[in-house]
Amino acid sequence: MTDPDVLIAGETLIDLFPTTAGPLADAETFERRAGGAPANLAVAMTRLGTPPYLWTRLGADPFGEHLADVLETQGVPDRFVEVDVDRKTAHTLVGEDPAADQSFVFYKEGTATMAMESETVPDETLANLEWVHFGGVMLCEAPVRTAMLDLAERAQAQACTVSFDPNTREDLWPDPADLEPTMRRALELADVVKTDREDLSVLLETIDQDIALVAEELLAYGPHTVFLTRGADGTYGMATADAPWGPAEVDQPAVDVDVVDTTGAGDAFTAGTITALLAGRSLPDAVTFGNAVGALTTTETGAMEPLPDREAVERLIAAQ
């Protein structure tokens, strides 16, 4: 196998789903699943035939051992999958939220998951990569925040395309005052941003305005390409003349499938768009491909299990 062209950085953790409906406080039993947006993205790209490096940190505990087994079984390269012998692995409780698809309760304090250290990925490796992606969950506290921003800065210096998914969860931030300047800095370091209208409300002044104005405001922070996902309403994308794929604007509806579970659909979309853009496809084609990957992920329960291979994605696109 050739060396990966992409590195994904961030959390791999355990999602615990209650086996019965209702409030989490009333749940008696839970089902364990591998999770974490960066891990979902890495597995999705591997399933599409473009396995990336995944820089993540696991604890030397049963949760960590399970996650290491899952990543190995899925074929994700393990060069930057670290095991911390002194800490345990983070986990989340995933419940129902009437105001959204799901709610999450994170248990992350003092875990290996949040103990990633700067300069773990050497410059020599970054020099041979085309793309580096990082997410917002790991920006919520120091020192892992420093490690993520350090990676993005060095990837930018090595001329990698840097992509960022804010995945803003304000309840994770010990000091809410850190949120806005950190997100601002992450946007400055990113070439490509995938988010939604509400995710960066802490920064945006156009949140209630036309979707094109939201994209233009995000582009003003520094990225050359923005993807705004809108669930059942599809995806809006905009790229400036600085983008390698050229200036473009695209607004595509969601793919019509029977939705069972939306967990990980956004990560699957990101995996599809990165894979397509790396293959030299246009921005509209990349959105089409990403939307199809995301849609197929919603047809079964879980974030990793239903991830499609490239052939399934192409069949769905051809059938539309």
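Guide: A residue counts as buried under 20% relative accessible area, as exposed over 50%, and as partly exposed in between. The model discussed here is predicted.

Visitor: What relative accessibility does E188 have, and how does E188 count?

Guide: Since its relative accessibility is 37%, E188 counts as partly exposed.

Visitor: With which residue does E188 form a salt bridge?

Guide: In general, side chains of opposite charge can pair when their charged atoms come close. Here E188 pairs with R185, and their closest N and O atoms are 3.3 Å apart. Because R185 and E188 stand three residues apart in helix α5, about one helical turn separates them.

Visitor: Which parts of the chain does the salt bridge of R185 and E153 link?

Guide: R185 also forms a salt bridge with E153, again with closest N and O atoms 3.3 Å apart. This pair links distant parts of the chain, with R185 in helix α5 and E153 in helix α4, 32 residues apart. R185 is partly exposed, at 32% relative accessibility, and E153 is partly exposed at 33%.

Visitor: Are R154 and D150 buried or exposed?

Guide: Both R154 and D150 are buried. Their side chains meet in a salt bridge of 3.0 Å, N to O, and both residues lie in helix α4, four residues apart.

Key
Residues numbered from 1 in each chain as written. Predicted model: local features only at pLDDT ≥ 70, side-chain atom pairs only at ≥ 80, totals over all residues. Heavy atoms only, no water. Salt bridge = Lys/Arg side-chain N within 4 Å of Asp/Glu carboxyl O. Helix = DSSP H or I, 4+ residues; strand = E, 2+ residues; numbered from the N terminus. Buried < 20%, exposed > 50% of the residue type's maximum accessible area, 1.4 Å probe, protein only.
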